[in-house]
Amino acid sequence: MTPYILILYYSRFGATFEMAKQIARGVEQAGAIEARLRTVPAVSPVTEASEPAIPTEGAIYCSESDLKNCSGLILGSPTRFGNMAAPMKYFLDGTSNAWVNGDLINKPAAVFTSTSTLHGGQESTLLSMMLPLIHHGMLITGIPFSESALSTTKTGGSPYGASHLASGDSPHKLSDDEISLCQALGKRLAKIALKLGAE
Ligand SMILES: Cc1cc2nc3c(=O)[nH]c(=O)nc-3n(C[C@H](O)[C@H](O)[C@H](O)COP(=O)(O)O)c2cc1C
């Protein structure tokens with residue numbers, strides 16, 4: 001089986017999904033490794049309805065096997081009150097089996113987020129998303145300043161991970177710098193996974 005980088009995202013309005021697609025392009029630029037896009041179901045404080053078994057749009061839901069067998073993980077969530085969205089946290093809270101079995105130990109990981117305000121918590125979300133991945137024994141990677149878009153961006157983009165400012169008339173539209181940094185993150189993680197022996 002061809003090795004793959006799992007790009008696991010939650011997106012309510014589509015901006016984080018747009019980022020996931022650009023990150024997938026970056027992964028595939030590395031060659032010899034695939035991008036596997038997966039999402040997680042929404043959660044609700046009421047139990048009157050459940051999500052369909054297959055999502056109506058975007059990627060399919062992540063399975064235990066998708067997580068266990070990945071060669072690297074790139075985790076994405078919209079920022080909600082300066083932190084990841086509950087559906088992603090809920091998914092992570094259900095990964096005890098992977099933790100007990102050490103499925104993710106020594107695999108590379110990275111994170112990405114989208115916000116509607118420039119200083120509304122991109123970096124706090126990125127940093128807090130890293131914490132459970134560190135518990136899983138993953139090797140956290142960011143974006144180095146050799147990526148020139150990190151210094152020129154007027155919207156999203158952080159050394160801690162890819163980010164997007166979803167504002168204005170086209171909140172889903174990524175800037176050129178954001179696209180460049182999403183792709184750079186995907187490519188970098190894929191290359192690291194290959195160097196670590198993904199085959
Ligand atoms: C409950 C809630 C909390 C949010 N909190 C923040 C926030 O703390 N900072 C911010 O800039 N944007 C915040 N937003 C805006 C989202 O992060 C932003 O619209 C994001 O791009 C949505 O991503 P999506 O299109 O992938 O769902 C919040 C949105 C919701 C619904």
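Start with the largest pocket: sorted by class, its lining has ten nonpolar, five polar and three charged residues. (Ala, Val, Leu, Ile, Met, Phe, Trp, Tyr, Cys and Pro count as nonpolar, Asp, Glu, Lys and Arg as charged, and the others, Gly among them, as polar.) You're looking at a predicted model, where local features need pLDDT of at least 70 and side-chain atom pairs count only at pLDDT 80 or more, while totals for chains, interfaces and linings use all residues. Residues are numbered from 1 along each chain as its sequence is written, and side-chain values use heavy atoms, with hydrogens and water left out.

Select Ser 11, Arg 12, Pro 55, Thr 56 and Glu 57: of the 18 lining residues, these lie nearest the centre of the largest pocket. Its volume is about 440 Å³. (On a 1 Å grid over the protein atoms alone, a pocket is an open set of points with protein on both sides within 12 Å along at least five of seven lines, a cavity is a set where a 1.4 Å probe fits but cannot get out, and lining residues have an atom within 4 Å of a point. Points are joined across faces, edges and corners, and a volume is the space filled by probe spheres set on them.)

Next comes the second largest pocket, at about 300 Å³. Pick Phe 13, Pro 78, Ser 114, Thr 115 and Ser 116, the closest to its centre among 18 lining residues. H1, S3 and S5 each give two or more residues to this lining, and S3 gives the most, with three. (Helices, H or I of at least four residues, and strands, E of at least two, are DSSP runs numbered from the N terminus.) By class, this lining has six nonpolar, ten polar and two charged residues.

Now go for the cavity. Show Leu 8, Leu 67, Leu 73, Leu 75, Phe 91, Leu 92, Thr 95, Leu 104, Leu 133 and His 136 to see its lining.
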